[in-house]
Amino acid sequence: MVEKLTVDAFYREAKAGKLLGLKCDQGHLTVPPRRTCRVCLSANLEVVELSGKGKIITYTDVYSKSRDYPMNAPYTLAFVNLVEGANVLGVVLNSDSSKISYGRDVRVKFQVVQAASADSIRPISPEKERPRIFFELSD
Amino acid sequence: MKKASSAKALCSIVSAGCAVYGKRDGFSGRELFNEALDELFLNCPKLEKKDVNALYVGQSFEIFEHQANTPTGFSNNYGLPNIPSVRVETISSSGASSLRQGMLGVLSGTFDVVLCGAVEKMTTLETPDVSEVLSMGSDRPFEAWNGCTLPALNALVAREHMRRFGTTEEQLALVAVKNHRNGFENPKAFLRKIVTVKDVLESRKVCTPLKLLDCSPIADGASCLAICKPEMARMYTDSPVEIIGTAQASDCDVVFRDELVGFKTTRIAAKKALEMAGQNIFDMDLVEVHDAFTINEIVAYEDLGMCAKGDGGKLIESGETKIDGSIPVNPSGGLKSKGHPIASSGIGQAYEVFNQLGEGATKIAPSRRVKDAKSAMTHSMGGAGLDVSVHIFRASK
Ligand SMILES: [Zn+2]
């Protein structure tokens, strides 16, 4: 069986601004891509394009970050439930904690941001051009 | 009234050792493991090196010392030649997984005596690098790549728990206060200091709402158990501790879940392990739970069935999980006070249980000793609920 949506294909489309997900025969939505539906484990999945719109369920201001994540700390990481039904994790752009709360409307935005340092053993080939997942606050 | 178990013993622990946790400058992971082995063999003179059939070692990340194939180095370095020496990895629960693999080796009839250990030498790197290494325990392409760290994942859980159930930062802080009090007189613990709710609330932000004192510290550590067939245990010691339940479960990454306020892996593993033991959670005289972050202990109370979902904050407030409460949790001081040398934590919990239930109890400071303890549970978790092992223990005294 050929992979319906590889991680690489997901991010390639993301670079063109498209958020792709997988829909099973029962209508469940799975994002990010994997072999089986996150709800019913069906492997009968179709690629669908999503609006990128969603609501913040929970979030955290990250002060202690990983060396290789290129944004400056503190940044706000959010767990977002998409209007179509699956969840996405990413960082809120231009975040101001006072504007963020449960239920806040956001939209997915992909951006390429290279890690500052490459002086370590990290995967190069698949990640070099890969964008990262962010959210913009909707008006 | 706590019910004793009449379940068949699966394996017996005949000795245990643990290196002092902390920033152990000047000692490699291998040397810390030697320290644990020295204690293990010293406390069990009848156990000889030649009796050991296999070594399992939990170790999460080889990058801290740029060293792979660690267990083979350990066994042959210590004078345990020729035996199978195998590494086991499930991130933070690697130690508990190592114990399970050793038990399966004994239960299959392949081995009589097995050493189940774990090690993590973490302080070789600066904190942002440690965070990067630990993030390898989350999903690289969708979690770490997008700014997620392990503390951040647990902070997402904490905030949602607070929103849904009204859990407060003060209640989270009480977990740290209790565990630091317990760890204060644990000679193996890294952070032996009393902290107050105010100290916790005023400590610097790590991932809101989690603050520095809500997080277990980065530490070096190693620990090891000697287990054997139950019928052989008396050859080695008069006070073996029996393992009467063991179970493990795994789960998908957090982003795929709709439940954020609990971990089903804990519920599945605890239910199975307690069923094997023929007991329920309230039959336990003490419980060592995975408290890498204070929210983890609150959530574990609920998932282990010590209280209803959402009531974990009230349970810590009630004082019932203190050392003199009805169900003491983390008498060792937990990962919070002892330190969290990632893989070592799972074996470190069993080391505590072995001492609380066995001859070692007399050496435990009264301030953190559970009186007449006969049954215990350990709960070890890798990642934010990705992997959980639960073990149930019984004293033979
Ligand atoms: Zn489905």
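Predicted model: local features only at pLDDT ≥ 70, side-chain atom pairs only at ≥ 80, totals over all residues.
Residues are numbered from 1 along each chain as its sequence is written, chains are lettered from A and ligands numbered from 1 in the order written, and side-chain values use heavy atoms, with hydrogens and water left out.

**Exercise 1. Work out which residues are the protein donors of the zinc ion and what arrangement their angles make.**

Step 1: grab the donors, meaning N, O and S atoms within 2.8 Å of the metal (3.2 Å for Na, K and Ca). You get Cys24(A) through SG, His28(A) through ND1, Cys37(A) through SG and Cys40(A) through SG, at 2.1 to 2.3 Å.

Step 2: check the angles. Four donors pass as tetrahedral if all angles lie between 85 and 135 degrees. Here the angles run from 99 to 115°, so the zinc site is tetrahedral.

Step 3: read the spacing along the sequence, which is C-x3-H-x8-C-x2-C. Cys24(A) sits in strand 1 (residues 19–24) of chain A and Cys40(A) in the loop between strand 2 (29–30) and strand 3 (45–50), 16 residues apart. Strands here are DSSP runs of E, at least two residues; helices are H or I runs of at least four.

**Exercise 2. Decide whether Cys24(A) and Cys40(A) are buried, partly exposed or exposed.**

Step 1: apply it. Cys24(A) comes out at 6%, so it's buried; Cys40(A), at 28%, is partly exposed.

**Exercise 3. Describe the interface between chain B and chain A: how many residues, what buried area, how many salt bridges?**

Step 1: count contacts (heavy atoms within 4.5 Å). Chain B puts in 35 residues and chain A 39.

Step 2: get the buried area, the accessible area (1.4 Å probe) that two parts lose on being put together, summed over both. The total is about 3,400 Å², with carbon and sulfur atoms giving 57%. On chain B, Phe142(B), Trp145(B) and Phe256(B) lose the most area to chain A, together 24% of what that side buries.

Step 3: look for salt bridges (a Lys or Arg side-chain nitrogen within 4 Å of an Asp or Glu carboxyl oxygen). Asp258(B) and Arg38(A) meet in a salt bridge at 3.2 Å, N to O.

Methods. Tetrahedral: all angles 85-135°; square planar, octahedral: opposite > 155°, others 65-115°. Buried < 20%, exposed > 50% of the residue type's maximum accessible area, 1.4 Å probe, protein only.
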